[in-house]
Amino acid sequence: MLRLNQKSLISILLSFVAIILVGCGGPSATTTPPPTYSELQITRIQDYLSDIEKNAERFADLEVSVAKGDWQEARNIMRGPLGEMLMDMRALNRNLLAKDQPTPTALTRALTDDFLKIDQGADLNSVTVAQEGFRDAEADFKAYLNSLPELS
């Protein structure tokens, strides 16, 4: 009878050891590094940013056209170089990491709305409404540039 108890005791002891080994011997916790920008993404973003900044130089011409009430010229600038700029901003946004996209995307939409406000000012022949839209557009564009992540 003593042997049976020793066997039972050894069985129980081995069971505890097995439970401890299984509990501690699972797959090791792996930490994935945070996503980073690839060289290709950085190049694309820099290319888009260069085009955006080049087209943004036309903001000064837009301001003059709005102040004069030259609605045809204002619309040409918004639909031409500044329209291209908006397309480049959207493309740049798509190349950002998911965590970096929300603010630039929202500011791109806001800038589009600002241009629509300038257009509305043109429809109403209201320099005041158009200038307000222009000021908002300028502020949203600066905020957009500031919202982009540092890539260096």
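Predicted model: local features only at pLDDT ≥ 70, side-chain atom pairs only at ≥ 80, totals over all residues.
Which helices do the buried residues of H4 pack against?

Residues are numbered from 1 along each chain as its sequence is written, and side-chain values use heavy atoms, with hydrogens and water left out.

The protein chain has seven helices and zero strands. Both kinds of element are DSSP runs numbered from the N terminus: helices are H or I with at least four residues, strands are E with at least two. Of the chain's 152 residues, 31% count as buried. Buried means under 20% relative accessible area, exposed over 50%, and partly exposed in between, with a 1.4 Å probe and protein chains only. The accessible surface of the protein chain is about 10100 Å², and carbon and sulfur atoms hold 57% of it. Such areas come from the Shrake-Rupley method with a 1.4 Å probe; for residues, only the protein chains shown count as cover.

Now take helix H4, residues 71–79. Trp71, Ala74, Ile77 and Met78 are buried there. They span an arc of only 125 degrees around the axis, so they sit on the same side of H4. The arc is that of the directions from the helix axis to the C-beta atoms. An α-helix has 3.6 residues a turn, so residues three or four places apart point the same way. Gln72 and Arg79 are exposed on the other side of H4. The buried residues of H4 pack against helix H3 (59–68), helix H5 (81–95), helix H6 (102–124) and helix H7 (127–147).

Asp119 lies in helix H6. Asp119 is buried, at a relative accessible area of 15%. Leaving aside neighbours within four places in sequence, Asp119 is in contact (heavy atoms within 4.5 Å) with Arg75, Met78 and Arg79. The side chains of Asp119 and Arg75 make a polar contact at 2.5 Å.  A polar contact is a pair of N or O atoms within 3.5 Å; within protein, one must be able to donate a hydrogen and the other to accept it, and residues adjacent in sequence count only if both atoms are side-chain atoms.
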